[in-house]
Amino acid sequence: MVPGRVDLDNGVTVRLGRQQLDERFNTFVATAARIVAQRATDIAYVDMRYANGFAIGWRSAGAGAAKNGSDARNV
């Protein structure tokens with residue numbers, strides 16, 4: 001196990017960083033977990049280290065928006 005990182009059973013890595021772990025994990029559960037559940041096969045990682053949101057790393061370039069024209073704010 002790497003500090004500040006959670007590897008989910010579905011192969012997705014959640015990057016929490018080194019500070020505010022509880023807050024970032026709670027934000028992941030409240031917002032990003034739903035996206036991961038819907039698109040786990042397309043997602044390589046979720047980066048929760050941003051102050052105002054998060055980033056999703058797709059397994060293949062363009063897999064996210066190219067398939068359905070949406071982004072994380074619309075899901």
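The protein has two helices and four strands, taken as DSSP runs numbered from the N terminus (helices: H or I, at least four residues; strands: E, at least two). Along the sequence the pattern is β-β-α-β-β-α. Residues are numbered from 1 along each chain as its sequence is written, and side-chain values use heavy atoms, with hydrogens and water left out. Because the model is predicted, local features need pLDDT of at least 70 and side-chain atom pairs count only at pLDDT 80 or more, while totals for chains, interfaces and linings use all residues.

**Confidence**
- The mean pLDDT (the predictor's confidence in each residue, from 0 to 100) is 83, and 79% of the residues reach 70 or more.
- Over residues 65-75 pLDDT stays under 50, and the model has 13 contacts beyond four places in sequence for them; a contact means heavy atoms within 4.5 Å.
- Where pLDDT is low, the predicted coordinates should not be read in detail.

**Overall packing**
- Of the 75 residues, 31% are buried, meaning under 20% relative accessible area, with exposed over 50% and partly exposed in between (1.4 Å probe, protein chains only).
- Of the contacts with a separation of 6 or more, 39% are between residues 24 or more positions apart.

**Strands 3 and 4**
- These strands pair in the antiparallel sense over five bridges, where pairing requires that DSSP finds at least two bridges between two strands.
- They form a hairpin with two residues between them.
- Val 46 has Ile 56 of strand 4 as its bridge partner.

**Second largest pocket**
- The second largest pocket holds about 160 Å³ of space.
- A pocket is an open set of points on a 1 Å grid over the protein atoms alone, where a 1.4 Å probe fits, with protein on both sides within 12 Å along at least five of seven lines; lining residues have an atom within 4 Å of a point.
- The volume is the space filled by probe spheres set on the points, which are joined across faces, edges and corners.
- Helix 1 (21-39), strand 3 (43-50) and strand 4 (53-58) each give two or more residues to the lining of this pocket, and helix 1 gives the largest share, four residues.
- Lining residues include Arg 24, Thr 27, Met 48, Tyr 50 and Phe 54.

**Thr 41**
- Thr 41 is in the loop between helix 1 and strand 3 and counts as exposed because its relative accessibility is 67%.
- Thr 41 and Trp 58 are 17 residues apart in sequence and 9.1 Å apart in space, C-alpha to C-alpha.
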